[in-house]
Amino acid sequence: YFFFTDFDSCPFLNTEDNMEHMKMENYSVVTEFFLVGLSQYPELQLFLFMLCLIMYVIILLGNSLLIIISILDSRLHTPMYFFLGNLSFLDICYTSSFIPTMLILFRSETKSISFIGCALQMVVSLGLGCTECVLLAVMAYDRYVAICNPLRYPIIMNRVLYVHMAAWSWIIGYLISLLQTVMTMILPFCGNNVIDHITCEILALLKLICSDITINVIIMTVASIVILMLPLLLIFISYVFILSSILRINSAEGRKKAFSTCSAHLTVVILFYGSALFMYMKPKSKDTNTSDEIVVLSYGVITPMLNPIIYSLRNKEVKEAVKKVLSRHLHLLKS
């Protein structure tokens with residue numbers, strides 16, 4: 001996705017004159033950054049603070065509830081709910097990597113973050129974002145096996161396989177994130193420390209670098225193909241086979257039941273990839289910082305908030321498990 005982004009605004013992209021200019025000047029070392037995204041709307045700061053705080057609380061409660069339910073209810077000890085638990089934990093970690101800092105910045109005058117803090121935020125949030133891309137593809141494969149090969153599903157999706165699939169999703173995501181973060185943060189910023197964004201987002205940071213970023217662009221291009229386009233292609237292929245199998249089911253009730261098992265996942269995929277593709281693949285002429293920041297709030301806050309709601313509303317087993325857990329707690333409170 002990164003190779004569709006406009007790097008022309010960076011004046012030090014592989015030009016000999018600018019490299020000579022950099023050698024001739026002494027630059028101060030950057031020890032902190034200033035996140036000034038949306039600061040041009042001071043009247044909205046309190047509103048954004050309250051909105052993001054409320055959504056963050058909903059994210060924590062909703063995703064924590066899904067994790068607890070998937071652990072407590074033995075009927076949910078299946079690969080699908082194991083992956084769903086991973087997704088909920090990922091959403092909690094992802095939003096916690098930047099929302100608390102963002103809330104502080106909304107109410108702060110300085111809007112600063114340390115160099116190390118910025119690097120940590122970037123490696124964690126980027127790693128979790130990459131992990132989610134792979135995890136959504138893994139979940140699509142799980143639904144493919146469940147619907148297209150139901151008799152062999154317990155054999156194919158055995159515990160060893162699905163635990164390894166989830167583990168490798170995290171490992172691949174963080175290896176790619178660590179590589180990109182290190183390759184970005186070791187480059188000189190030459191005193192440029194004002195990030196026109198609400199988070200330490202890698203594309204915003206690259207615009208501050210005053211040396212050749214050709215290698216970074218190549219690495220991100222390869223990474224984006226591996227982490228975004230390939231999982232999306234696998235999801236698409238999986239759902240082509242899933243749809244083909246559903247259409248071959250004779251009874252309307254059977255088709256409805258089969259589709260309901262993957263509709264929640266498909267909704268989450270559309271929300272997540274829709275926001276990501278708009279963010280990183282829109283035409284350059286439409287590239288505005290304000291729209292980027294709104295999209296970041298969309299896939300960074302709104303999508304994790306909607307995930308547990310979508311899976312609760314679209315899944316009968318989750319709804320029954322929620323009712324069971326809530327009724328048990330109400331009974332304990334009454335007694």
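**Figure 1. Phe 33, Phe 115 and Phe 189 are linked into a cluster by ring pairs.** The view is taken from a predicted model. Across the structure, 11 aromatic pairs are found. One of them joins Phe 33 to Phe 189 in an edge-to-face arrangement, with the ring centres 5.2 Å apart and 75° between the planes. Phe 33 belongs to strand β1 (residues 32-35), whereas Phe 189 sits in the loop between α7 (159-185) and β3, so this contact ties together parts that are 156 residues apart in sequence. Phe 33 is buried, at 0% relative accessibility. Phe 189 is likewise buried, at 4% relative accessibility.

**Figure 2. Tyr 94 and Phe 98 form an edge-to-face ring pair.** The two ring centres lie 5.4 Å apart and the planes meet at 65°; because planes over 60 degrees apart count as edge-to-face, the pair receives that description. Tyr 94 has a relative accessibility of 10% and counts as buried. For Phe 98 the value is 3%, and this residue also counts as buried.

**Figure 3. Arg 107 is placed over the face of Phe 49.** The distance from Arg 107 to the ring centre of Phe 49 is 6.0 Å.

**Figure 4. A disulfide connects Cys 118 and Cys 200.** A search of the whole structure finds one disulfide, and its sulfur atoms are 2.1 Å apart. Cys 118 is part of helix α5 (residues 115-148), while Cys 200 is in the loop between β3 (194-195) and α8 (202-206), so the bond ties together parts that are 82 residues apart in sequence. The torsion about the S-S bond is about -130°, so the disulfide is left-handed. Cys 118 is buried, with a relative accessible area of 0%, and Cys 200 is buried as well, at 3%. Elsewhere in the model, Cys 93 is partly exposed at 25% relative accessibility, as is Cys 148, with a relative accessible area of 26%.

**Figure 5. Residues line the second largest cavity.** Helix α4 (residues 99-106) supplies the largest share of the lining, with three residues.

Notes:
Residues are numbered from 1 along each chain as its sequence is written. This is a predicted model: local features need pLDDT of at least 70, side-chain atom pairs count only at pLDDT 80 or more; totals for chains, interfaces and linings use all residues. Side-chain values use heavy atoms; hydrogens and water are left out. A disulfide is a pair of cysteine sulfur atoms within 2.5 Å. Helices (H or I, at least four residues) and strands (E, at least two) are DSSP runs, numbered from the N terminus. Buried means under 20% relative accessible area, exposed over 50%, partly exposed in between (1.4 Å probe, protein chains only). On a 1 Å grid over the protein atoms alone, a cavity is a set of points where a 1.4 Å probe fits but cannot get out, and a pocket is an open set with protein on both sides within 12 Å along at least five of seven lines; lining residues have an atom within 4 Å of a point. Rings of Phe, Tyr and Trp (its six-membered ring) pair if their centres lie within 6.5 Å; planes under 30 degrees apart count as stacked, over 60 as edge-to-face and the rest as tilted. A charge sits over a ring if NZ of Lys or CZ of Arg is within 6 Å of the ring centre and within 35 degrees of the ring normal.
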